[in-house]
Amino acid sequence: MSITNTILFNWAQIQYPPKTTYSSTSMSSTQSLPTFSFNTTAEEVGDVFADEIRGKTVLITGTSLKGIGFETARVIAKYAKLLIIAGYNEERLKFSEEAIKKETPSANIYRLTIDLSSLASVRKAAAEINALPDSLHVLINNAAATRTGFTLQLTADNIELQYATNHVGPWLFTNLLIPKLLSSSSPSSPLLSSSSGPSGKTKPRIIFLSSDTHYWGPGVDFALLEHPTAPEREAEFDAFKTYWGTKCAPILTASEVTRRTGGRVAGFSLAPGMIFTGALEEPAVAEVLKAGGFLSAEGKPVEEHPWKTLEQGAATTMTAAFDTRLEDKGGAFLSDCNIKDAAAHSTDPATAEKLWAVTEKIVGEKFAF
């Protein structure tokens, strides 16, 4: 059966949620700050909150060239005390570092090799960061696997590959780093005076990239997450539905991290928007997007859909990480640089708690803060 027949059975029913119109007070009563929107760029957000970035150590995963992670890192590097770029390919990390330093020679960059699909690699990378003398103020979980082929693939840890890369790996990495993040907000931190806002006690933040595609499916596929080796899983497997499900997990995790830390860490999730990155040029993915009307027959973005530039796509990440108007709004979901309602299946507290418990069982470790 063709990809189109198996994956695109109801494209006509799949629509982006209605575009939200935000008021100037949607996130703040601080009238001196600008209103951000669909067209805002990462550079613009960085310029507004440059003082919030200065003195901070920021870690971001998934920073390959021509991606929104790279654009986010490029802007942060202009101001941060230390920028840690993380990815599974050391050569790509070097290319990213060189490109950033070509623009900002003074940028202080640390490269971290991590394979989010491997629990052993995640633990090793977290130990490396925890051993650094620097504090950690912002963690941006940007990396993700968009698709892994159209057959079920398991990792060495017996986890479905997309769930491993998009949820379990980032979840474990985050939890292993939370104690370090919490220490960065302590008055005893040597960087506190230079990294905090006017209150002197800016909360550390954890950012999880989701996607508007989380609206398209029924939510996290707990059967696939918990029992990926069951005989029926392979016959039922749908790569795109799986991806949509993995993009529900970041929203649930952001709210649960905020709750479980008692608000001492502010977790945020976000949809960056539709961005034409290199991943969408992959033949199999391009075929699906053409069939759905998102790409033309020539493989170019169709203008009737709300495509963003890389610069615009990275803006919501920058907002979630540094906008001071979000200080007391941990757990929120953002789109177009503003707070927005996520799908009901991704905001249910009981589902968030269940996902946390299931993931603890998968990694074989419980976390409390």
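Two strands pair if DSSP finds at least two bridges between them. Strands here are DSSP runs of E with at least two residues, and helices are runs of H or I with at least four, both numbered from the N terminus. With that in hand, let's walk through the fold.

What you have above is a predicted model, in which local features need pLDDT of at least 70 and side-chain atom pairs count only at pLDDT 80 or more, while totals for chains, interfaces and linings use all residues. Residues are numbered from 1 along each chain as its sequence is written, and side-chain values use heavy atoms, with hydrogens and water left out.

**The sheet**

Eight strands make an open, mixed sheet, ordered β3-β2-β1-β4-β5-β6-β9-β10. The edges belong to β3 (109–113) and β10 (338–339); each has a single partner strand, so one side of each lacks a neighbour in the sheet. Further in, β1 (residues 57–61) and β2 (residues 82–87) are parallel partners joined over five bridges, and T57 sits opposite L82 of β2.

**Helices on the sheet**

Contact means heavy atoms within 4.5 Å. Axes are lines fitted to C-alpha atoms, for helices over the stretch in contact, and angles run from 0 to 180 degrees between N-to-C directions.

| Helix | Partner | Angle |
|---|---|---|
| α15 (residues 315–322) | β5 | about 155° |
| α12 | α16 (residues 349–363) | about 90° |

**The largest cavity**

A cavity is a set of points on a 1 Å grid over the protein atoms alone where a 1.4 Å probe fits but cannot get out, and lining residues have an atom within 4 Å of a point. The structure holds three cavities of 30 Å³ or more, a volume being the space filled by probe spheres set on the points. The largest has a volume of about 100 Å³. Of its 13 lining residues, N141, N166, P170, F208 and P250 are the closest to its centre. α7 (161–184) gives the most to this lining, with four residues.

Definitions and conventions
On a 1 Å grid over the protein atoms alone, a cavity is a set of points where a 1.4 Å probe fits but cannot get out, and a pocket is an open set with protein on both sides within 12 Å along at least five of seven lines; lining residues have an atom within 4 Å of a point.
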